[in-house]
Amino acid sequence: MLNLEMKISKVGRFGNGYRLRGRAWYVLKEGAKAEADLSKSLALISDPRVRDSTLSTIGMNRENNLNDDQAALEAYQSIVEGRERIGS
């Protein structure tokens, strides 16, 4: 994780560093750390598909690692909120 920390300091302004580390924390079942990094990445991501993927990971982390179904549902709902169509 130290190597990833160094990379985040270089590319963190684009959100990908936080997003990737957040996914790693999710897989390692470090829910609070995953939530922090994934939330930071949302403010920096402009690509809608990457943003939706990040929100999905946030939802899964909240559901599986943090055991917070209501917060997970909020993350999932934010993916579809205000849309008439999903996908291409």
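**Exercise 1. Describe how α3 and α4 pack against each other, and state which residues of α3 meet which residues of α4.**

Solution. Begin with the geometry: the axes of α3 and α4 are 10 Å apart and the two helices pack at an angle of about 160 degrees, where axes are lines fitted to C-alpha atoms, for helices over the stretch in contact, and angles run from 0 to 180 degrees between N-to-C directions. Finally, list the contact (heavy atoms within 4.5 Å): from α3 come G31, A34, E35, L38, S39, S41 and L42, which meet R51, T54, L55, T57, I58, N61 and R62 of α4.

This is a predicted model, in which local features need pLDDT of at least 70 and side-chain atom pairs count only at pLDDT 80 or more, while totals for chains, interfaces and linings use all residues. Residues are numbered from 1 along each chain as its sequence is written, and side-chain values use heavy atoms, with hydrogens and water left out.

**Exercise 2. Work out how α2 and α3 are arranged, and name the residues that make their contact.**

Solution. The axes of α2 and α3 come within 8 Å and cross at roughly 160 degrees. α2 and α3 are therefore roughly antiparallel to each other, and α2 passes α3 in a left-handed crossing. On the α2 side, the contact is made by Y18, R19, R21, G22, R23, W25 and Y26, and on the α3 side by K33, A34, D37, L38, K40 and S41.

**Exercise 3. Identify the residues of the largest nonpolar core and the elements that supply them.**

Solution. A nonpolar core is a set of buried Ala, Val, Leu, Ile, Met, Phe, Trp, Tyr and Cys residues joined through side-chain atoms within 4.5 Å. The largest one has nine residues, namely W25, Y26, A34, L38, L42, L55, I58, A75 and I79. Two or more residues are given by each of α2 (16–27), α3 (31–42), α4 (48–64) and α5 (69–80), and the largest share, three residues, comes from α3. As one member, A34 touches G22, W25, Y26 and N61, with residues up to four places away in sequence not counted.

**Exercise 4. Decide whether T57 and E63 are buried, partly exposed or exposed.**

Solution. The cut-offs are under 20% relative accessible area for buried, over 50% for exposed and in between for partly exposed (1.4 Å probe, protein chains only). T57, placed in helix α4, counts as buried at 2% relative accessibility; beyond four places in sequence, T57 touches R23, Y26 and L38. E63 also lies in helix α4, but with a relative accessible area of 33% E63 is partly exposed. Beyond four places in sequence, E63 touches D68, D69, A72 and Y76.

**Exercise 5. Summarise the secondary structure and the confidence of the protein chain.**

Solution. The chain has five helices and zero strands, these being DSSP runs numbered from the N terminus (helices H or I, at least four residues; strands E, at least two). Its pLDDT, the predictor's confidence in each residue from 0 to 100, averages 88, and 83% of the residues score at least 70. Confidence is lowest in helix α1 (residues 2–11), at a mean of 60, and highest in α5, at 97.

Technical notes: Angles under 35 degrees count as roughly parallel, over 145 as roughly antiparallel, 65 to 115 as roughly perpendicular and the rest as oblique. A crossing is left-handed if the near helix is turned anticlockwise from the far one by less than a right angle, and right-handed if clockwise.
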